[in-house]
Amino acid sequence: MNEFKLPDPGEGLLEADIVSWKVAVGDTVAVNDILLEIETAKSLVELPSPYAGVVLAILADEGATVEVGAPIIRIGRPDEASASVPSPSTSGAGPATPPAVAPASPASEALLVGYGAKSGTATRRPRKGQVADAPPAASVPAVAEPAPVTVPPAEPAPAQGAVAAVEPAPVPRAKPPVRRVARDLGVDLATVAPTGPGGTITADDVVAAAGGGSAPARAVSVPQDGERRVPLKGVRRQMFRSMTASLAVPQATAFVEVDVTATMQLIDTLKRRRDFTGLRVSPLAVFAKAACLAIERVPELNSRYDAASDEIVLPQDVNLGIAAATPRGLLVPNIKGANRMNLLELTRAVNDLVPRAREGKVPPAALSGGTFTITNIGVFGVDGGTPIPNEGEAAIMCLGTIRRKPWVVGTGEHERIEPRSVCTVTITFDHRLVDGEMGSKFLADVSTIMSDPALALLF
Amino acid sequence: MTEPAGTTATDPGDVPVQLLAPDGRRVDHPDFAFTGTDAEIAAHLRDMVLTRRIDTEATALQRKGELGLWPPLLGQEAAQIGSARATRDPDLVVPSYREHGVAWCLGVDPIDLLGTFRGTDMVDWPSRPDGFHLYSFVIGTQTLHGVGMAMALQREHRVGNDDAAANGAVVVYFGDGATSQGDVNEAFVFAASANAPVVFFCQNNQYAISEPTSLQSRIPLYRRAAGFGFPGVRVDGNDVLAVQAVTTWALERARRGGGPVLVEAFTYRMGAHTTSDDPSKYRTRDEEGEWGARDPIARVKAYLLSVGAIDQAWLDDLAAESEALAERLRAGCLALPEPLLADQWSNVYATTPDRLVRQREEYLAYEASFAEEAR
């Protein structure tokens, strides 16, 4: 006896409607006789018989919607008809009830060929080397002879039992941008209640879930009276607190406009080097290197005030903080011992740190112990500003956007105006620890290196 | 001012070359003649009947869930058999993806064709002869390949030799829809520029999936060749004798060094574009009936019976042969072997580079690291 399972007559279809049966129980059919007509999302299709024999049972009614892969007809020898055959659907329902009429949750995935993926059977084969880790039932070693028992029953197990046993967790439905938001906010989509069309998860759903859970961020309450109320917590609360605390520090700001054309040329050269392959080489790394070199000459920029002992503390290493705008808010992870790194190592460290900060994956250790910070507001197209030092640090350096500008070059009769790449560098410092001369000297050193990176050899 | 010429006026060439009328009468044509014997015509009938049987069986296999997809050739048997039987060594034949009849004539085992559509194989077939290229599923891309092969024949000095038997040409198949592609037009430009020995064999089956030819071109397709500077001929694509006569002429001309020809075989796809398509949504029963009356097999059968070249016993034998072929195809399809992981490195390079050999070994070792699959 053979069972004909509903094939996928199109490409990747999951179900079809039975339009009409062309045969009845008891009819004799030959291979390729038309058995029935079905309608899919694409077309009306006649299905030919793969088997010759007598129709023993019709398992799906006209008008029923049947899942691809579900048995729809039994064909065999006449004497097989009397054999008691349990219906694959339920024992009591009888053949009038179509088996596995397409449920809401898809039990099989759409495939291009055949009956679609078998649900629940996609468990991975165990690795040979991992037998010890496997549960006892699975650790039976493969035997050369066929096992004498566990002969599969000729009939498929009742569908109900099979489905109940392997009920797959529904895959959350969300568009890629929404998945990105969820990743940025560290939200597990499986925990989000969908409100979008067709049970999809929207970005707002993710944000709401982030607000309700442990993840801080842009949790926004329902607008009321034309106002939105944002809970002050997490990164945002930390920024609120530390910036308020910094008001207690008397601060001074100095800035300088630098011709960084040579730095841009250096970056072009580095990009072509094999050891920089795959790294994002940006002016930020050169600025970081310049800051570390300049700090060696003016270590006060890398100092802090210890109120408990009323002393100025000068760390040997520069733990270079890099301010990063992340979906969760402002984060300043720092690169430990940045002063001991060469430009390649610094570039690698920046490449490693900044994306991780954006994804919220920075280890807590990288968020504390900073000694000096640079912030690149140039990425926002801003020329300059007066940044506020991180709490517990003596200074912060700010990089403006690099623009092509007219610049006076040459001297005497060779003096002329040329288009150059120009950038404003700003330093804000704790005037209790750093005086105007130190701050200016630091800024001049950074400026020197940026305008002619070769001069870094002198440092 | 009057309309420029050549855009709307009809041309005598618009009437397709025909040598066998739908009722089975042989008709004369001033330029083309079929010179073969009735026995050869009977052989064509056999080819067409068996090809149609392969096609219906493959369609049925798809309907049973054994193939993912099948592009039926129903109605296009004469265009394919007539043109394929005009080729000879060292010609090169470049199909699209519906050329099951051409594949049959060139000796491809029809079971091999199924692997691609069953998803057990890549697009190459163990039984494929060297002169027959792979199926191309990207529309029109093969025309450029074909022109390249034709230019290679030129460089190998296999065109225009005094010894006619040493000369070869390329015949490349595509559909009316492909003529709207850039690739096909570029192929025309290159072929004309190089005077390449290539026959562009367009089976105009009237539909680019659901788009009728009338929406794609304001002039008959064969006339496009004139704009590229080579001849175009429209032939009754349901007339196997005319197709063979025209293609033989075009190939012989190309082999001699005469350059490219566009053959427009005016035919009709009686079936769906593929098994995923439902043509009743975009064309009428009347239209299908009209073309059904011009069936390529019926007219050959009528002719051969009328001249006594075949009889009912001959047809019965052919029917039995068809059924046996269908049964072989059914069994062969189900017996197609599952693909092996190692296969994906087998068909890319003639000599697999070391790097890929290492990669293959790594993957196979990884696969072998799993316990036997419980079935």
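Student: What should I know about the numbering and the model before I start?

Tutor: Residues are numbered from 1 along each chain as its sequence is written, while chains are lettered from A and ligands numbered from 1 in the order in which they are written. This is a predicted model, in which local features need pLDDT of at least 70 and side-chain atom pairs count only at pLDDT 80 or more, whereas totals for chains, interfaces and linings use all residues.

Student: How are two packed helices described?

Tutor: Two packed helices are described by the angle between their axes and the distance between the axes. Here the axes are lines fitted to C-alpha atoms, for helices over the stretch in contact, and angles run from 0 to 180 degrees between N-to-C directions; helices (H or I, at least four residues) and strands (E, at least two) are DSSP runs, numbered from the N terminus. In chain A, the axes of helix α6 (residues 283–297) and helix α8 (residues 436–451) come within 9 Å and cross at roughly 135 degrees. Angles under 35 degrees count as roughly parallel, over 145 as roughly antiparallel, 65 to 115 as roughly perpendicular and the rest as oblique, and α6(A) and α8(A) are therefore oblique to each other.

Student: Which residues of α6(A) and α8(A) make the contact?

Tutor: Two residues are in contact if their C-beta atoms, placed from the backbone, lie within 7 Å. On the α6(A) side the contact includes A:Val286, A:Phe287 and A:Arg297, and on the α8(A) side A:Phe442 and A:Asp445 are among the residues involved. The residues of this contact divide into 10 nonpolar, no polar and 2 charged, where Ala, Val, Leu, Ile, Met, Phe, Trp, Tyr, Cys and Pro count as nonpolar, Asp, Glu, Lys and Arg as charged, and the others, Gly among them, as polar.

Student: At what angle do α6(A) and α7(A) cross?

Tutor: The axes of α6(A) and helix α7 (residues 343–358) of chain A come within 9 Å and cross at roughly 125 degrees, which makes α6(A) oblique to α7(A). The contact is made by A:Leu284, A:Ala285, A:Ala288 and A:Lys289 of α6(A), together with A:Leu343, A:Leu346, A:Thr347 and A:Val350 of α7(A); these residues divide into 6 nonpolar, 1 polar and 1 charged.

Student: Is A:Leu344 buried, partly exposed or exposed?

Tutor: A residue is buried if 20 or more other C-beta atoms lie within 10 Å of its own, exposed if 12 or fewer, and partly exposed in between, with C-beta atoms placed from the backbone. A:Leu344, found in helix α7 of chain A, counts as partly exposed because it has 15 C-beta neighbours inside 10 Å. Leaving aside its neighbours within four places in sequence, A:Leu344 is in contact with A:Asp275 and A:Phe276. By comparison, A:Val54, which lies in strand β6 (residues 53–58) of chain A, counts as buried with 20 C-beta neighbours inside 10 Å.

Student: In what order do the strands of the open sheet in chain A stand?

Tutor: Two strands pair if DSSP finds at least two bridges between them. In chain A, 4 strands form an open sheet in the order β5-β4-β2-β7, with antiparallel pairing. Strands β5 (44–48) and β7 (65–67) stand at the edges, each with a single partner strand, so one side of each is left without a neighbour in the sheet. Strand β2 (residues 15–21) and strand β4 (residues 34–39) of chain A pair in the antiparallel sense over 4 bridges, and A:Ser20 has A:Glu37 in β4(A) as its bridge partner.
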